[in-house]
Amino acid sequence: MNRGKTSSSKKSRSKSSNRWLKEHFDDVYVRKAQEHGYRARSAFKLVEISDKYPIFKNATAVVDLGCAPGGWCQVALEHIQGPDVYLAGLDLLPIEPIVGVDFIQGDFLEDSVLEQLLQQVGGRKIDLVLCDIAPNFSGVNAVDQPKSIYLCELALDFCHQVMQENGAFVVKLFQGEGFDQYIQDLKSVFGQVIIYKPKASRPRSREVYAVAMGYK
């Protein structure tokens, strides 16, 4: 009986994997990422957001939280201009180096890593904070949702420490408990807050992005 269940489980996983692979390679954004030299299809989420909203307007200093594998950094580098541009990226996972990106590998949840990032920023006022962080999901929403909101709260707190007046913040959120309160928190410190789901987000994903502009 055990052998039969194991075999059935393997077949189920194999079918699921095959579906994922087919979906991945049939994905128009995967092909577009390859054509444009972006490291991930997710780069087009930021492309769409920046095409629709002026998040990069006059931006010379940007921090990308949860930047691996580096697609959002690549997009940011295409937009920020000037002699003193600055782009910092942070992620728990390593990334292949990108010229023009000061990368820190570490866990954003750890105070020591946050302190390292603040030291790296070095007193600069940041025009745009990008946050595409998500926790390692367990599949249990009652556990995953609070973790996700907590990461978003930490990112907003980081904005309070480094953001330039009239700066912008783009953060990934998952709809559920804590979502509405977080949006209210954003509205209390930004002049404009829009909820947007890029076409590059997979339809089945619960993710949306809060685009907050006009930091007070």
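A pocket, as I use the word, is an open set of points on a 1 Å grid over the protein atoms alone, with protein on both sides within 12 Å along at least five of seven lines, and its lining residues have an atom within 4 Å of a point. Grid points are joined across faces, edges and corners, and a volume is the space filled by probe spheres set on the points.

**Before starting.** I am looking at a predicted model, where local features need pLDDT of at least 70, side-chain atom pairs count only at pLDDT 80 or more, and totals for chains, interfaces and linings use all residues. I number residues from 1 along each chain as its sequence is written, and side-chain values use heavy atoms, with hydrogens and water left out.

**Entry 1: the second largest pocket.** I looked up its volume and found about 160 Å³. Its lining includes Pro 54, Lys 57, Asp 127, Gly 167 and Met 213. The elements giving two or more residues to this lining are β5 and β7 (207-215); strands are DSSP runs of E, at least two residues, and helices are runs of H or I, at least four, numbered from the N terminus. The largest share, five residues, comes from β5. I sorted the lining into five nonpolar, four polar and three charged residues. For that sorting, Ala, Val, Leu, Ile, Met, Phe, Trp, Tyr, Cys and Pro count as nonpolar, Asp, Glu, Lys and Arg as charged, and the others, Gly among them, as polar.

**Entry 2: the largest pocket.** Here I noted a volume of about 890 Å³. There are 32 lining residues, and Asp 132, Ile 133, Ala 134, Pro 135 and Asn 136 lie nearest the centre. The largest share of the lining, three residues, comes from α6.

**Entry 3: helix α2.** Which residues of α2 are buried? I found Tyr 29, Val 30 and Ala 33 in this helix of residues 28-36 (buried means under 20% relative accessible area, exposed over 50%, partly exposed in between, with a 1.4 Å probe and protein chains only). They sit on the same side of α2 because they cover an arc of only 105° around the axis, taken from the directions from the helix axis to the C-beta atoms. After α2 comes Gly 37, with a positive phi near 80°.

**Entry 4: Val 193.** I found this residue in strand β6 (residues 190-196). Val 193 is buried, with a relative accessible area of 17%. Its C-alpha atom is 6.5 Å from that of Met 213, 20 residues apart along the chain.

Definitions and conventions:
On a 1 Å grid over the protein atoms alone, a cavity is a set of points where a 1.4 Å probe fits but cannot get out, and a pocket is an open set with protein on both sides within 12 Å along at least five of seven lines; lining residues have an atom within 4 Å of a point.
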